[in-house]
Amino acid sequence: MARGHRAAARHVQGEEQHVICESCRKEIVPDRMFCIWCEAFVPDHRAGRRAGFVRRFFATLIDPALLTIVFFVAESVAREWYPTPPGLPPDIFDNRPDIIAGIAALAYGGLVLVLLFRGQTPGKWILGERVVVLRTGKPVGFWRMALRESIGKTLSGIFFGLGYLWALWDRDSQAWNDKIAGTLVLHYRGAEEKKEVIASGPAPQGAAPEAQGE
Ligand SMILES: [Zn+2]
């Protein structure tokens, strides 16, 4: 049984079990990771909500695009400011801009590594997304994230991107790379503001008294 299901199931009324979303207080479908009404992450609604397909699509595009931009900007800047001096042996100095661009790409790789430890890529970081462990919402850790981003994304892309499109109809919005790594993608930015809007609204019926003080 999902941890989140247990957490939400404390709002039990009468004989029937109504699993109530802790964010919008509406009834949710058991064993789903996201509320069908407000799309909050059921195990911990403060962690975020379902990351939409378009947002995820752009995050996936940003990653290779940023690497390309970093490389070519560094190379063109190097050509401008650190050109190959005339008369020097070309085998050593001819590719100075390429070396500098390579160093810039390595620095970018370092940023990617740091972000992977946080369950993010540059694209996800920019668009406010985070990869978490399915059901618990805990941080994925480096190796699970590395598995997702390498083997997982390779498999997702093999059949004309079918594995990515899978997130469109999967009930927990899992792409194949999520299935392989046992992960979910949360859109965490703005989750706090959304919570405040909900909290300032009228209290819906059916909310348990213990939940009012959040
Ligand atoms: Zn909800």
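User: What pattern does the protein chain follow, read along the sequence?

Analyst: The model is predicted; local features need pLDDT of at least 70, side-chain atom pairs count only at pLDDT 80 or more, and totals for chains, interfaces and linings use all residues. Residues are numbered from 1 along each chain as its sequence is written. Helices (H or I, at least four residues) and strands (E, at least two) are DSSP runs, numbered from the N terminus. Here the pattern is α-β-α-α-α-α-β-α-α-α-β-α. That gives nine helices and three strands.

User: Which strands pair with strand 3 in the antiparallel sense?

Analyst: Two strands pair if DSSP finds at least two bridges between them. Strand 1 (residues 49–50) pairs with strand 3 over two bridges, in the antiparallel sense. There, Arg-49 stands opposite His-187. Strand 2 (residues 129–133) also pairs antiparallel with strand 3, over five bridges. Val-131 has Val-185 as its bridge partner in strand 3.

User: How many residues of strand 3 are buried?

Analyst: Count neighbours. A residue is buried if 20 or more other C-beta atoms, placed from the backbone, lie within 10 Å of its own; 12 or fewer means exposed, and in between is partly exposed. In strand 3 (residues 183–187), five of five residues are buried. Thr-183, Val-185 and His-187 point one way, Leu-184 and Leu-186 the other. Across the 214 residues of the protein chain, 28% count as buried.

User: What share of contacts join residues at least 24 apart?

Analyst: Two residues are in contact if their C-beta atoms, placed from the backbone, lie within 7 Å. Take contacts between residues at least 6 apart in sequence: 56% join residues at least 24 apart.
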